[in-house]
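Please look over the sequence and the model shown here before reading the briefing that follows.

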Number of protein chains: 2
Amino acid sequence: MSGLRARQKADRHRRIIEAAAELFRDAGYEGAKIETIAAQAEVSVGTIYNYYQNKGDILGAIVSMEVNEVLNAGRGVVANPPANVGDALDTLLGIYIEHSLHYLSKEMWRQAMAISTQLPDSPFGQAYTALDRALTEQIRALIARLQAIGLVRRDIDGQALGELVFNNMNMMFIEFVKRDEARIAELRAAIRRQNRILVAAIGV
Amino acid sequence: MSGLRARQKADRHRRIIEAAAELFRDAGYEGAKIETIAAQAEVSVGTIYNYYQNKGDILGAIVSMEVNEVLNAGRGVVANPPANVGDALDTLLGIYIEHSLHYLSKEMWRQAMAISTQLPDSPFGQAYTALDRALTEQIRALIARLQAIGLVRRDIDGQALGELVFNNMNMMFIEFVKRDEARIAELRAAIRRQNRILVAAIGV
DNA sequence: TTCTAAAATTGAGTCAATTCTGTTTTCATG
DNA sequence: CATGAAAACAGAATTGACTCAATTTTAGAA
């Protein structure tokens, strides 16, 4: 069971995602009709629902690719952080934020976030939660690294701190994508200002 | 322009909200059909859309009532906070959290949050953002009060701290409503643990 | 090659939110 | 009281996501 059938399957997956990504960008998530995605991907509407449970899951597949790239990019920072707590956090969160609008528009982010709270048990809902957890874990890993280097006090609760930093950034990011006119530079500055309190508290 | 027409209008508003609140609770947000709400409120479907832009705005009206009650309850804490930073924060956030499931089910919260990110410019979307800001502002006011009393260092950036505390709580609350089996006590304990880092950093 | 069961595809049909258009009700004015 | 413009209402029509029964395609055994 890995000949023609499997190849066709992978190919249809790819075509659907490509068609959807293009249409979501052009017409917006709401504006992109399943019928149109199907036509562009050269499959029928029914086939799309054979591959994805619902429209949100198609968007979900695109979001997952994006976030996984971000996680990869973040690994470098964790392995080799700037020699200063504030800069280390700013660099890691900066990667998350700067990368975020590479493939996804703000409207796509809004939809993705909305769906993940609306249907937390759908495949995408669960995947999204897992991605959030992975990001939190990466921040926690950075903090552990800084503790190992001796830049952060050993008695700090790294888990709680990681959650605090991630939750704050994520909430700020949500507000950011809700306002089309919001700028990345302002978002980063606001987060830096908030983190300054933490940085002051945890440095050796 | 404030005779029969205005009275009927107010009355219809009330009937629609009451019918919707009941149906949302019983059948869930998705399960409640506009047609059914209309029938129960003794108006037509068209009339509902004359009063609310969309189904989400009806839920929005209910959420607004809830959050405004919470804000009111919070005023007491700000005016007369416990004589300990950790307890003061825990008490205020505790009011928010304990109150939250009074009128609204987790499913209603999920929908409300989803809609507010999905349609940030709809009447409800804007109202929801304003409510978030009001809650942040109340936390900031508590911190200012604690600074005035001398429990929190004067040189702490109260605005940034308020945002940090609110954003973290809000994100935790989002995760809380996403899992039906999550318990309020655990949510509060997790937030206390996170805030401990802050409390240690800002106390005199 | 032929055949069959399993897997996959198709697209017309269903369902519920939202829109639209014609009708009814209100109320300020003469 | 009349009356007509503005406001509000009703419910049929539209729209688009999603389902499902019928059909087609594939993989592998004989």
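Copies are superposed by least squares on the C-alpha atoms of residues with pLDDT of at least 70 in both. This is a predicted model, in which local features need pLDDT of at least 70 and side-chain atom pairs count only at pLDDT 80 or more, while totals for chains, interfaces and linings use all residues. Residues are numbered from 1 along each chain as its sequence is written, and chains are lettered from A and ligands numbered from 1 in the order in which they are written.

**Relation of the two chains**

- Chain A is superposed on chain B by a rotation of 179 degrees with 0.0 Å of shift along the axis, at an RMSD of 0.1 Å, and the two copies are thus related as by a two-fold rotation axis.
- The residue of chain A that comes closest to this rotation axis is A:A114, whose C-alpha lies at 2.0 Å.
- The same surface serves both copies, since 100% of the contact residues of chain A recur in chain B, where two residues are in contact if their C-beta atoms, placed from the backbone, lie within 7 Å.

**Interface between chains A and B**

- In the interface, 26 residues of chain A are in contact with 26 residues of chain B.
- On the side of chain A that touches chain B, the elements giving two or more residues are helix 6 (106–118), helix 8 (158–178) and helix 9 (184–202) of chain A, and the largest share, 11 residues, comes from helix 8 of chain A.
- The residues on this side of chain A divide into 13 nonpolar, 7 polar and 6 charged (Ala, Val, Leu, Ile, Met, Phe, Trp, Tyr, Cys and Pro count as nonpolar, Asp, Glu, Lys and Arg as charged, and the others, Gly among them, as polar).

**Fold of chain A**

- Chain A has 9 helices and 0 strands (helices, H or I of at least four residues, and strands, E of at least two, are DSSP runs numbered from the N terminus).
- The C-alpha trace of chain A spans about 60 × 45 × 25 Å along its principal axes.
- Of the 204 residues in chain A, 39% are buried (a residue is buried if 20 or more other C-beta atoms lie within 10 Å of its own, exposed if 12 or fewer, and partly exposed in between, with C-beta atoms placed from the backbone).

- Helix 8 of chain A is mostly covered, with 18 of its 21 residues buried, and reaches 30 Å from its first C-alpha to its last, close to the 30 Å expected at 1.5 Å a residue (the expected span is 1.5 Å times one less than the number of residues).
- The buried residues of helix 4 of chain A include A:I58, A:L59, A:V63 and A:V67.
- In chain B, the axes of helix 4 (residues 55–79) and helix 7 (residues 123–149) come within 10 Å and cross at roughly 10 degrees (axes are lines fitted to C-alpha atoms, for helices over the stretch in contact, and angles run from 0 to 180 degrees between N-to-C directions).
- Helix 4 of chain B and helix 7 of chain B are therefore roughly parallel to each other (angles under 35 degrees count as roughly parallel, over 145 as roughly antiparallel, 65 to 115 as roughly perpendicular and the rest as oblique).
- The residues of this contact in chain B divide into 13 nonpolar, 5 polar and 2 charged.

- A:E42, in the loop between helix 2 (34–41) and helix 3 (45–51) of chain A, has a phi near 60 degrees, a positive value in a residue other than glycine, and is exposed, with 11 other C-beta atoms within 10 Å.
- For B:E42, phi is near 55 degrees, and with 11 C-beta neighbours inside 10 Å this residue counts as exposed.
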